[in-house]
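Subject: Structure handover

Hi,

Here is the structure for your files. Please open it next to this note. My findings follow below.

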Amino acid sequence: MILIRDVRLLEGNGNWDILVEGNRIKRIGRNLLEKEGIDKRDVEIIDGRNMVAIPGLVNTHTHIPMTLFRGVADDIPLMEWLNNYIWKMESKLNEELVYIGTLLGTVEMIKSGTTTFNDMYFYLDGIVKGVLESGIRAVLSYGMIDLFDEEKREKEIKNCEKTVKKIIKMDNPRIKPAIGPHAPYTCSKELLTLSHEMAREYNIPVHIHMNETLDEIKIVKEKTGMRPFEYLNSIGFFEGVRVVAAHCVHLSDREIDIIEKKGVVVSHNPISNLKLGSGIAPIPKLLERNILITLGTDGCGSNNNLNLFEEIKMASLIHKGVSLDPTSVPGEVSFNFATLNGGKALNLEVGVLKEGYLADIVLVDLKKPYLIPNENLKSHLVYAFNGVVDTVLIDGNVVLRDRRMVNIDEYKVYEMAERAYSKLVENVDIKK
């Protein structure tokens, strides 16, 4: 058991205790050591004085091994970025390089308060290995692209199902599978249909890129006569499955109707969308329809970090600026995007500190200049905090203590990542 003593909460006055038993929050109250009759020898006590406990953040759209692509080819359009730089480097990846990039990403996420991430990539054995070692929680999908080629499609589906079965067989409470068709403009109708069928068969979510750029919408419309959400709806893609749609920047009213009616989850990635010049998702309009909004960082090639606190702040600020309305997307709403809503989106009991829920808990040191005065903590966590957290529990285990990683040697990871980057950029003309 673990007992966090005398810690602040965002709700309620004074200090509280949080009792963790196994991988769940057993009790939240005051003076729990005495009230629960716990022998101090049976419990690890964490001093929560001068700390606030918050739920671990949930990043609903990542490509975690792309930490190795950080800073590559900045300031160019998405399609040029993909075709001339990213895909060239990705062709050099292997399981070991993906494992190293994953370790680097888990260090970055844990040290900035993210405890769960929803990822789409390949060489998933490398990602699984990194997730297991770091102690983070993940929903993992094998990213499928067939480019309308039948032979490639068969290979992608086979690899996807193999990965799903492997993760299910592991029976690890921290790792869940999802289905990851890349996007309507890179996947054939057959691949999209098979993805949907597989998600229904295994009762797992779908993770897909949607309406990120005007170019991709144009491609889909020329090929199908419909906008992306209309096209997927016409082939029954949203029926009976939970779909997490990343980006959703350019949406028609008809597409918003579909998102609402089919219960599609939107993963808002404001910083990546801004950096690539893709645009700004119509989040206030989606909120009016009670559509579930979550937050994602996207990969480090286009962000360039995995600090979800930056997304929380940006998600509130950009919509105020665009609408000229300072009441648009209040800070508390954007904080919920990254916590409560993320848990709901992935069907996980995370994102809120509640008895019976999974013990994914983050402690933030209150004795920092940007968190003073402590009376306005909800505001500070959105508009003032830099994401440097003190202690992190995931699945009831301490994975960060006093800002130091518990399960892995982060400095060794940094050295490995530097060597891995050198291998990736060999013979690739990187824009400086």
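Start with T213: it is buried, at a relative accessible area of 10%. Buried here means under 20% relative accessible area, exposed means over 50%, and partly exposed is in between (1.4 Å probe, protein chains only). T213 sits in the loop that links β10 (206–210) and α7 (214–224). Helices (H or I, at least four residues) and strands (E, at least two) are DSSP runs, numbered from the N terminus. Beyond its neighbours within four places in sequence, T213 is in contact with L78, M79, H250 and S278. Contact means heavy atoms within 4.5 Å.

A word on provenance. This is a predicted model, where local features need pLDDT of at least 70 and side-chain atom pairs count only at pLDDT 80 or more, while totals for chains, interfaces and linings use all residues. Residues are numbered from 1 along each chain as its sequence is written, and side-chain values use heavy atoms, with hydrogens and water left out.

Pockets

The largest pocket holds about 1000 Å³ of space. The search runs on a 1 Å grid over the protein atoms alone: a pocket is an open set of points with protein on both sides within 12 Å along at least five of seven lines, unlike a cavity, where a 1.4 Å probe fits but cannot get out. Lining residues have an atom within 4 Å of a point. Points are joined across faces, edges and corners, and a volume is the space filled by probe spheres set on them.

The lining of the largest pocket has 41 residues, with E90, Y121, F122, Y142 and G143 nearest the centre. Two or more lining residues come from each of α2 (78–90), β7 (114–121), α4 (124–134), β8 (137–144) and α5 (150–170). The largest share, 8 residues, belongs to α5. By class, the lining of the largest pocket has 20 nonpolar, 12 polar and 9 charged residues. Nonpolar covers Ala, Val, Leu, Ile, Met, Phe, Trp, Tyr, Cys and Pro; charged covers Asp, Glu, Lys and Arg; the others, Gly among them, are polar.

The second largest pocket has about 510 Å³ of space. Its lining counts 27 residues, and K176, N203, I204, P205 and N347 are the closest to its centre. At least two lining residues each come from β8, α5, β9 (175–181), α6 (189–202) and α14 (340–345). The classes in this second lining are 15 nonpolar, 5 polar and 7 charged.

Rings

The whole structure has 7 aromatic pairs. Rings of Phe, Tyr and Trp (its six-membered ring) pair if their centres lie within 6.5 Å; planes under 30 degrees apart are stacked, over 60 edge-to-face, the rest tilted. Y121 and F122 count as stacked because their ring centres are 4.3 Å apart and their planes are at 10 degrees. Y121 is buried at 3% relative accessibility, whereas F122 is partly exposed at 22%. Together with Y123, they form one aromatic cluster.

Two lysines lie over ring faces: K129 over Y99, at 4.3 Å from the ring centre, and K223 over F148, also at 4.3 Å. The test is NZ of Lys or CZ of Arg within 6 Å of the ring centre and within 35 degrees of the ring normal.

P369 is in the loop between β14 (361–365) and α15 (377–383). P369 is exposed, at 67% relative accessibility.

Regards
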